[in-house]
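Here are my notes on the model you sent over. Have it open while you go through them.

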Amino acid sequence: MRLALKPALSRSWRDSDTLQFGTIPQHAGVLGNAAADALREFLGLVDGTRDRPALLAEGERIGFGSDPADSLLDLLEEAGVLDDAEAADQALARFPQPHRDLLGPDLASLSLIHAPPGAAPAVLARRPEHAVEVRGAGRIGAAVAAVLAAGGIGTVTVADSGRVTPADCSPAGLPAVDVGRLRATAAREAVDRATARRPGRRDRRPRPGLPDLVVLAPRDGSGAFAGGTPQARELLRAGVPHLYVGVVEEYGVVGPLVLPGVSACGHCLVLAREDEDAAWPRILAQLAEGGSGRAPTPACDTALATAVAGLAALHVQVFLDGGRPPSVDGWCELSAVDGMPRRLRLKGHPDCGCLWQPTPPH
Ligand SMILES: [Zn+2]
């Protein structure tokens with residue numbers, strides 16, 4: 001393990017003797033008596049080129065002392081300021097160039113979330129193993145797919161049919177020049193571009209088996225209320241985690257992220273709405289594919305769709321990296337009226353039964 005001060009952390013002097021690593025209070029580590037020349041010189045040596053024994057030997061050589069160097073490294077590790085540069089190099093080496101170079105800031109961000117040395121590189125190194133399927137390559141789905149691929153998810157597939165319409169285009173997903181092309185092809189190329197690959201190269205082998213997660217992003221925004229559909233039931237049965245995302249009128253919705261058998265599902269949400277509005281199932285039926293009640297021009301603000309896609313991709317990343325995003329047992333709404341996000345809780349509905357069925361093997 002070659003130790004380095006985390007490159008993501010700024011360094012500033014609180015006073016003539018106190019060095020602060022990082023800016024935001026949660027991440028800031030503070031080091032007192034930091035003005036001494038030997039200590040400053042020693043900190044300069046923690047640059048990712050030496051392991052701990054070599055650093056202790058260097059500490060002795062420059063007159064700082066081996067024991068003080070040992071204590072200082074412990075202190076820096078406890079403060080979450082140290083990372084393993086060797087593991088970082090190995091994690092980045094899992095990505096082909098030029099995508100590798102683009103991931104430097106992403107790894108730097110992970111190093112602030114996963115504190116111990118080597119923890120963030122381990123998270124990044126796992127991302128190429130993950131597979132995500134995005135269903136729907138509209139204004140939101142294509143952007144979610146591109147952002148996830150950019151962040152290092154190894155297999156991002158997009159399922160859709162039909163051709164690109166102006167309503168599918170956004171700067172984060174399908175460009176306007178793709179209008180008229182096959183949506184599945186255009187979305188695949190958006191994913192390739194996001195990873196700095198030449199579009200159309202087919203040297204990437206999709207991971208076999210079920211994806212780790214499915215993003216349900218139907219182009220008509222019905223991802224926001226698609227619980228209870230046959231494809232949702234199929235995902236529940238197969239034990240595949242899935243995330244609903246969509247824009248309905250002026251609202252963007254991210255969630256629920258369903259962990260089959262563990263957290264409330266999309267049908268729980270439909271039933272909860274039915275409790276509040278007895279006419280909801282009837283309305284829902286008219287909004288379904290081929291339904292008579294669909295809006296002639298479904299609303300989808302580009303900025304809202306982009307924010308929703310980014311939030312959805314972030315929740316997927318948090319989940320695949322081992323965390324629990326707020327869309328589990330809840331959902332997040334974002335309004336185009338004021339841009340204000342809010343999170344709502346979702347409980348398993350007693351009439352749904354998704355939480356008492358045995359979890360199928362994944
Ligand atoms: Zn349910």
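1. What is the geometry of the site of the zinc ion, judged by the angles among its four donor atoms? Tetrahedral: those angles run from 100 to 122°. The label applies to four donors when all angles lie between 85 and 135 degrees. For reference, ideal angles for four tetrahedral donors are 109.5 degrees.

2. A word on the ground rules. This is a predicted model, where local features need pLDDT of at least 70 and side-chain atom pairs count only at pLDDT 80 or more, while totals for chains, interfaces and linings use all residues. Residues are numbered from 1 along each chain as its sequence is written, and side-chain values use heavy atoms, with hydrogens and water left out.

3. Back to the metal. The zinc ion takes its protein donors from the SG atoms of Cys265, Cys268, Cys352 and Cys354, at 2.2 to 2.3 Å. Donors here are N, O and S atoms within 2.8 Å of the metal (3.2 Å for Na, K and Ca); water is not among the atoms, so sites may look incomplete. Along the chain the donors are spaced C-x2-C-x83-C-x1-C. Cysteine 265 and cysteine 268 are both buried, that is, under 20% relative accessible area with a 1.4 Å probe, protein chains only.

4. Overall layout: the protein chain has 13 helices and 13 strands, taken as DSSP runs (H or I, at least four residues, for helices; E, at least two, for strands) and numbered from the N terminus. The C-alpha trace spans about 80 × 45 × 45 Å along its principal axes. Of the 362 residues, 46% count as buried.

5. The domain assignment, which is automatic or from a database, gives domain 1 (2–96) and domain 2 (130–345). Their centres, taken over C-alpha atoms, are 42 Å apart.

6. Have a look at helix H7 (residues 119–126), whose buried residues are Ala120, Pro121, Val123, Leu124 and Ala125. The elements covering them include strand E6 (82–84), helix H4 (85–92) and helix H6 (104–113), going by contacts (heavy atoms within 4.5 Å).

7. Histidine 315 sits in helix H13 (residues 302–320). Why does histidine 315 count as buried? Because its relative accessibility is 4%. Beyond its neighbours within four places in sequence, histidine 315 touches Val254, Leu257, Pro325, Pro326, Ser327 and Cys332.

Terms used: Tetrahedral: all angles 85-135°; square planar, octahedral: opposite > 155°, others 65-115°. Buried < 20%, exposed > 50% of the residue type's maximum accessible area, 1.4 Å probe, protein only.
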